[in-house]
Amino acid sequence: MTLTRCGLLVDRAETLARLYAHHRDWTVVEEKWIDERVDQRSTRGSSKGIYRALSSRFKTAGSELPSIVQLPSVLDQCETVRDKAQVLYFYLLEDDSLVQYTIHRYVDRLPESGVAGLDFEQETIERLLNEFHYGDGSEFGYAESTTRRWGEGIRSVMREIGVLDSQQTQQGQIPNLGSTPLLVASGYSWETHGDDWLSQPTGWLYLFQPDQYWDSLAERLSDDSNWEASGIHGELRLQPIDDTYSWADPWEGEI
């Protein structure tokens with residue numbers, strides 16, 4: 001339930017990624033984060049809470065996403081804060097099964113309902129949460145106040161990635177994808193599904209790109225020097241030319 005504590009926290013997540021890329025040791029990073037109040041929180045307790053939430057996302061990430069030592073280089077290539085948020089969003093999804101479940105439910109609504117399915121009113125969110133079951137069979141059973149805060153958290157994430165355009169808006173829109181988030185979303189899809197990823201581009205779907213957008217996204221990707229396009233029996237295939245995230249060097253900057 002980390003969304004009751006924080007959303008994506010783009011600036012702090014970027015700082016934490018740089019700290020890890022510099023020190024390559026989570027124990028050292030945690031000490032510096034808390035003792036030096038790197039995140040500028042007023043108490044050790046709040047610093048610890050933010051650290052645990054963000055570091056968990058980075059520690060959970062596998063080969064489907066850029067490594068944490070590459071992540072600062074990825075973020076440096078982002079053109080806007082929204083681009084950075086769209087990249088960091090994938091680390092949240094990989095770490096939080098409740099967020100991933102909820103996003104899956106919204107993605108499932110896209111083909112039938114289109115943009116109208118991106119309804120993030122509290123009532124809609126709670127209805128989806130009440131259908132959630134954990135792996136052991138237990139149901140979602142948090143207090144009403146916690147559930148309300150969770151809804152506020154998921155809406156804050158949707159604002160950061162461009163699905164909701166203001167604090168008051170609860171009806172979503174299809175977000176624009178920057179060049180770097182497109183590379184990460186495509187790499188995530190490739191790493192998840194391999195050669196057949198274009199038939200089910202999970203990374204694009206997680207960023208709420210319906211199938212009528214896929215041709216233009218594929219065209220943009222094929223124009224990128226890090227990807228190559230080929231055709232087999234008239235079917236477009238796209239794959240990284242080198243390692244999926246070789247376009248992002250391990251970061252070696254100073255803190």
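The lining of the largest cavity is made up of six nonpolar residues, no polar ones and one charged residue. The model discussed here is predicted.

**The largest cavity**

- The count of cavities of 30 Å³ or more comes to one.
- The largest cavity holds about 40 Å³ of space.
- Its lining consists of Leu 8, Ala 13, Leu 54, Arg 57, Phe 58, Leu 88 and Tyr 91.
- Arg counts as charged, whereas Ala, Leu, Phe and Tyr count as nonpolar, and the lining accordingly divides into six nonpolar residues and one charged residue.
- Helices α3 (44–60) and α5 each contribute at least two residues to this lining.
- Helix α3 provides the largest share, with three residues.

**Helix α8**

- Buried residues of α8 include Thr 146, Thr 147, Trp 150, Gly 151, Gly 153 and Ile 154.
- Also buried in α8 are Arg 155, Ser 156, Val 157, Met 158 and Ile 161.
- The cover over the buried residues of α8 includes α5 (81–95), α6 (97–113) and α7 (122–129).

**A link between the topics**

- Helix α5 supplies at least two residues of the cavity lining, and α5 is also among the elements that cover the buried residues of α8.

Conventions:
Residues numbered from 1 in each chain as written. Predicted model: local features only at pLDDT ≥ 70, side-chain atom pairs only at ≥ 80, totals over all residues. Heavy atoms only, no water. Buried < 20%, exposed > 50% of the residue type's maximum accessible area, 1.4 Å probe, protein only. Helix = DSSP H or I, 4+ residues; strand = E, 2+ residues; numbered from the N terminus. Contact = heavy atoms within 4.5 Å. 1 Å grid on protein atoms, 1.4 Å probe; cavity = no way out; pocket = protein on both sides within 12 Å on 5 of 7 lines; lining within 4 Å. Points joined across faces, edges and corners; volume = space filled by probe spheres on them.
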